[in-house]
Amino acid sequence: MSDTNDSGSIPLAGTSTSLDAADETEKVSSELYDMIGVKGRASDSRPGVTDCSGRDREKYFQIFHPWSFYPASASELDKAMAQLRENLPKRGWKIVEYGPDTSKNKNINLTADNDQKKFSVNIVQMAKNDPPKLSLTVVSGCYKIPDGEEIERF
C-alpha cells in the first residue's frame, strides 16, 4: 500500500473505531473468499488489533485478520490459488510478490495490495499440510481513532 509520504510506512486508512474497522476487514476477507471460486470451507477466526509502527499507539491502530481456506479436495488447492492470482487484479488489487518461499516445502506466497481500500493480503499455499490449505492474512492500513474514543484491543 503506497499512499504515504514515506515509502516504508503504512498508509492512513481513515478514521474509525476499532470495531467498525474490524467489520470492514472481515468484509475484505469475505470478498477474498468469494474470489477463490472453489468449494471448501474457511476457518472461523476473528480480526485483531495491533499498533501502527512509528505512530502514537493511543491514536492509531491496524486491524489484522488471519484465516485459512480448506478446499473440498486437495486437488482443488492449485485452482484456488490460480483463481486468486487471476481475480485479484480485476478487483483493484496489485500483486506485489508471487513465488515460492524459502521453506523446505517451497510454499507459494502471494502478496497483494489494494491502495484504494487501504488493505494488503498475504496468501500462502500450503500444499504439503494435512489437510492442504491456503493461509490468508488480511492487514489494514493505519486507522485513527475518532476524537473522544479509545482503541478497543482484541
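Contact, in these notes, means heavy atoms within 4.5 Å. Buried means under 20% relative accessible area, exposed over 50%, and partly exposed in between, with a 1.4 Å probe and protein chains only. Helices (H or I, at least four residues) and strands (E, at least two) are DSSP runs, numbered from the N terminus.

I am working on a predicted model: local features need pLDDT of at least 70, side-chain atom pairs count only at pLDDT 80 or more, and totals for chains, interfaces and linings use all residues. Residues are numbered from 1 along each chain as its sequence is written, and side-chain values use heavy atoms, with hydrogens and water left out.

**Entry 1: helix H2**

I began with H2. It has 14 residues and reaches 21 Å from its first C-alpha to its last. That is close to the 20 Å expected at 1.5 Å a residue; the expected span is 1.5 Å times one less than the number of residues.

Which residues of H2 are buried? I listed Leu77, Ala80, Met81, Leu84, Asn87 and Leu88. They cover an arc of only 140° around the axis, so they sit on the same side of H2. The arc is that of the directions from the helix axis to the C-beta atoms. On the other side of H2, I found Asp78 and Lys90 exposed.

What do the buried residues of H2 pack against? I noted H1, E4, strand E5 (94-100), E6, E7 and E8. After H2 comes Gly92, with a positive phi near 90°.

**Entry 2: the largest nonpolar core**

Next I looked up the core. A nonpolar core is a set of buried Ala, Val, Leu, Ile, Met, Phe, Trp, Tyr and Cys residues joined through side-chain atoms within 4.5 Å. The largest one holds 29 residues. Leu32, Leu88, Trp93, Ile123 and Leu134 touch the most other members. Two or more residues each come from helix H1 (18-36), E4, helix H2 (77-90), strand E6 (108-114), strand E7 (119-126) and strand E8 (133-140). H1 gives the most, with 6 residues. In soluble globular proteins, nonpolar side chains tend to be buried together.

I then checked Ile123. Leaving aside neighbours within four places in sequence, its contacts include Met81, Leu84, Leu88, Ile108 and Leu134.

**Entry 3: two polar contacts**

A polar contact is a pair of N or O atoms within 3.5 Å; within protein, one must be able to donate a hydrogen and the other to accept it, and residues adjacent in sequence count only if both atoms are side-chain atoms.

I found Ser29 in helix H1. Ser29 is buried, at 4% relative accessible area. Its side chain makes a polar contact of 2.7 Å with the side chain of His65. Not counting residues up to four places away in sequence, Ser29 touches His65, Trp67 and Val138.

Thr111 lies in strand E6. Thr111 is buried too, at 13%. Which side chain does the side chain of Thr111 meet in a polar contact? I found Asn122, at 2.9 Å.

**Entry 4: the disulfide**

A disulfide is a pair of cysteine sulfur atoms within 2.5 Å. By this rule I counted 1 disulfide. It joins Cys52 to Cys142, with 2.1 Å from S to S. The two are 90 residues apart and link distant parts of the chain. Cys52 is in the loop between strand E3 (48-51) and strand E4 (60-71), and Cys142 is in strand E9 (residues 142-144). The link of Cys52 and Cys142 is left-handed, with -130° about the S-S bond. Are these cysteines buried or exposed? Cys52 is buried, at 2%, and Cys142 is buried, at 1%.
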